[in-house]
Amino acid sequence: MKLVVVGGVAAGMSLAARARRLDEHAEIVVLERSHHVSFANCGLPYHIGEVITDRDRLLLQTPESLRESLNLDVRLRQEVVDVDAPNRTVTVRDLDSGREYQENYDELGLCMGARAVIPPVPGADLPGIHVLRSLGDMDRIKQRVDRDPAGLRALVVGAGFIGLEAAENLRERGAEVHVVEMAPQILPPVDHEIAANAEQVLRTHGIKLHLGTAVTGFAQQGQRIVASLGDGSTLEADLVVLAIGVKPLTELAVAAGAQIGPRGGIVVDEHQRTTVEHVWAAGDVVESRHTVLPDSHVIALAGPANRQGRVAAENICGRETSYDSTQGTSVVKLFAMTVAATGANSRQLAQAGIPFWTVHAHPTGHAGYYPGTSPMHLKLLFSPTDGKLLGAQCAGFDGVEKRIDVIATALRFGGTVFDLEKLELSYAPPYGSAKDPVNMAGFLASNVIRGDAKLWYPDADLTGCRVVDVREPTEFDVWHLDGSQNIPLGRIREELDGWDRNQPVRLLCAVGFRSYLAHRILVQRGFTDVAFLSGGSTTYRAWSTPERGEQDAPVDLSVFTQPTASQPSQPQAPTAFTTALMGAQTIDLDCTGLACPGPIMKLSETMKGLRPGDEIVAHVSDMGFASDGPAWAKRNGHELVGLEPDGSGLKATFRHTGETAQASAQAPVASKNKNSFVVFSADLDKVIAAFIIANGALSMGNQVSMFFTFWGLNSLRDPRAPKREMKPMDKMMKAMMPSSAEALTLSQMNMGGAGTAMIKNTMKQHHVASVSEMIQSALDGGARLIACTMTMDLLGITKEDLLPGVEFGGVATFLDEASDSQTTLFI
């Protein structure tokens with residue numbers, strides 16, 4: 001037998017290698033049009049990010065090694081351009097020489113894979129716009145990144161697995177990264193409330209997400225590419241990566257006369273046969289039956305591609321084997337977070353008309369009392385009649401893929417939620433819990449089917465319902481549903497007298513457990529219609545992200561810290577002058593392993609024993625704290641000094657300002673606690689004075705707004721601002737003015753720069769922050785730094801010339817701030 005395989009990566013090499021192991025005497029030829037065979041294409045983003053430093057590690061095999069080990073005739077740079085199925089020949093073009101020749105076959109395996117989709121928009125073929133499918137693509141992207149990683153602005157179009165892996169690794173190299181996604185969420189395989197957790201993690205690491213909009217065109221502007229978006233905005237980039245999906249390469253199948261399915265892939269049977277005799281197909285090029293959904297689907301994953309190649313080889317060699325289905329089990333790393341899924345999501349089930357129920361759970365990855373764990377966000381989808389598993393999704397930092405793999409196995413064998421209850425899974429405190437998250441999801445889903453639990457969801461109509469929040473008052477103050485009443489679980493029994501037992505009661509808590517206990521109390525005391533919120537407020541707030549108030553919006557931690565490859569994120573300690581003003585002590589608070597409301601409760605209790613000016617540095621593993629922490633500080637009159645990623649969690653610094661929680665919660669900040677500045681001067685000593693006073697005011701819990709006009713605007717110039725084309729007059733103005741805050745000079749005793757150098761050295765010796773550090777400290781502390789737009793026009797300054805975080809306004813903006821201030825200083 002002579003077997004010809006077209007394509008030498010996952011499916012193709014799996015087919016050829018398995019065929020050799022079953023038939024030592026077959027002649028096996030592999031034709032691959034690229035420069036490499038059997039390379040690890042899933043590792044491409046990680047070489048760009050220098051996680052995989054040795055490029056050769058991605059080259060799993062070579063033609064020489066495959067000939068030596070398997071006696072395969074592997075030919076590179078050979079493109080099959082035609083298939084003559086009746087005569088069993090293929091036409092091959094040598095891409096190096098241009099020569100064409102015929103190759104006959106007894107059996108033909110089509111494993112060409114897929115090509116990256118290029119959006120049909122103007123400018124998509126510009127230099128600097130790349131896809132990421134091959135080693136050559138990877139090399140070109142990495143060469144551009146290596147030239148100036150920290151100064152690079154990158155745009156990734158598409159927020160699927162490849163796009164987000166590329167974005168993560170570009171960000172790890174220090175680039176400024178923007179991601180544009182046409183859908184309203186990232187990661188299509190998961191539902192919105194799971195994706196929202198991953199979106200928050202990306203934002204905390206400084207990745208800018210532009211969701212619900214598409215790129216409508218590209219244009220070259222100098223050395224940069226300008227992308228126009230559907231929402232009317234534009235983005236400038238030095239590098240663009242297109243990752244909006246792939247399309248099966250079916251041209252050869254069409255030439256052979258094979259049938260193409262409704263989703264654009266080659267139609268194959270369970271043995272990987274096409275509709276043409278002696279022609280087989282496997283991998284990203286085919287449509288396969290879905291384990292849960294009706295009809296066939298194109299699912300481009302490495303695991304199914306390898307298994308399909310193996311099945312094709314076994315049937316070619318006379319061993320009848322079936323490829324049953326693809327269930328789409330997948331996983332992605334996003335910095336410290338892991339997101340994984342299997343089966344179908346709710347959108348797919350609804351579109352297919354398949355009835356389903358869902359439950360949400362937020363258990364920790366291993367025993368909460370053992371260090372290093374954090375809550376996960378687990379969603380289970382199942383049949384409401386028999387509990388058959390339909391899908392699962394999970395996002396978290398500890399043991400996520402382990403749980404999805406277990407559920408994927410159960411789903412593959414037709415398991416139910418009742419089977420998840422019974423699974424005996426490994427347990428020790430460093431690895432899991434006695435009641436594993438998989439068991440917990442099974443318990444909850446089984447309770448729902450049996451009628452022991454009734455759930456409600458964020459899209460429920462609460463008209464006419466009594467909505468009861470059974471969390472503690474501190475949690476309720478941070479966030480609660482409008483119209484809900486707060487009755488902590490411990491008081492629920494004594495509060496029931498006088499309630500109408502026929503009125504629907506809707507319960508909620510943080511993650512669902514306390515409200516489940518309240519549900520059981522009410523049901524057994526005669527209430528006829530009781531339900532609790534699936535996943536509690538943790539799920540609700542992720543589900544309803546677009547509708548949340550400003551205080552509950554995901555916090556962009558990059559406002560506080562912008563880590564780069566050369567300078568990893570570090571906690572921002574209080575500056576010397578702030579510490580001196582406050583005489584503060586710092587308390588290190590370990591909240592890792594605590595699920596909501598643990599971190600808030602512990603933080604609140606610790607803060608009660610501190611004095612104004614004291615600080616708490618809290619280490620928290622619950623990513624929901626990125627919203628809860630700032631909201632708690634705002635409502636209780638304390639200052640959020642810093643917030644940054646910390647391994648699989650967060651590190652947050654809070655300062656006691658002397659405000660009482662009651663006063664802060666009941667009334668807005670009084671005008672006497674607000675200070676306004678006009679910074680007119682570009683003299684170093686005057687700008688230092690302005691920021692010492694401003695930071696001191698922030699330390700005391702005051703609001704601060706600083707209006708920069710004329711020469712004072714130079715202190716906000718960004719020394720890392722990108723170069724741009726300028727008018728001759730603007731160039732002259734720029735040449736005559738300081739380039740940044742560090743270029744300012746003294747108003748007196750400058751002495752040709754000697755005096756300025758002396759005062760800077762003195763400040764350093766006395767551990768006084770530099771003027772740049774003072775500016776950043778003010779931004780971190782919440783000061784509004786407002787650039788006068790009229791002055792910007794006069795001096796030829798653009799928004800891109802100024803520091804990140806600077807706002808823009810005119811006289812009306814300043815007068816509005818000043819009218820609400822106790823003091824207004826002109827410097």
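I call a residue buried when its relative accessible area is under 20%. I keep in mind that this is a predicted model.

**Entry 1: Asn 714**

I looked up Asn 714 and found it in the loop between β37 (703-708) and α22 (728-736). Is Asn 714 buried or exposed? Its relative accessible area is 1%, so I noted Asn 714 as buried. Next I followed its side chain, which reaches the backbone oxygen of Trp 711 at 3.1 Å. Leaving out residues up to four places away in sequence, I listed Ala 682, Met 737, Pro 738, Ser 740 and Ala 741 as the residues Asn 714 touches.

**Entry 2: α21 and α24**

I then turned to a helix pair. Helix α21 (residues 684-699) packs with helix α24 (residues 771-780) at an angle of about 30°, and I noted 9 Å between their axes. I logged the crossing of α21 and α24 as left-handed. From α21, the residues in the contact include Phe 691 and Asn 695, and from α24 they include Met 774 and Ser 777. Sorting the residues of this contact by class, I got 10 nonpolar, two polar and no charged.

**Entry 3: α1 and α8**

My last stop was another pair. The axes of helix α1 (residues 10-22) and helix α8 (residues 302-316) cross at roughly 35° and come within 7 Å. This crossing of α1 and α8 is right-handed. Among the residues making the contact I found Ser 14 and Arg 18 of α1, along with Gly 309 and Glu 314 of α8. Which classes make up the contact of α1 with α8? I wrote down nine nonpolar, three polar and four charged residues.

Methods:
Residues numbered from 1 in each chain as written. Predicted model: local features only at pLDDT ≥ 70, side-chain atom pairs only at ≥ 80, totals over all residues. Heavy atoms only, no water. Helix = DSSP H or I, 4+ residues; strand = E, 2+ residues; numbered from the N terminus. Buried < 20%, exposed > 50% of the residue type's maximum accessible area, 1.4 Å probe, protein only. Polar contact = N/O pair within 3.5 Å; in protein donor to acceptor, adjacent residues only side chain to side chain. Contact = heavy atoms within 4.5 Å. Axes fitted to C-alpha atoms, helices over the stretch in contact; angles between N-to-C directions. Left-handed = near helix turned anticlockwise from the far one by under 90°. Nonpolar A, V, L, I, M, F, W, Y, C, P; charged D, E, K, R; others polar.
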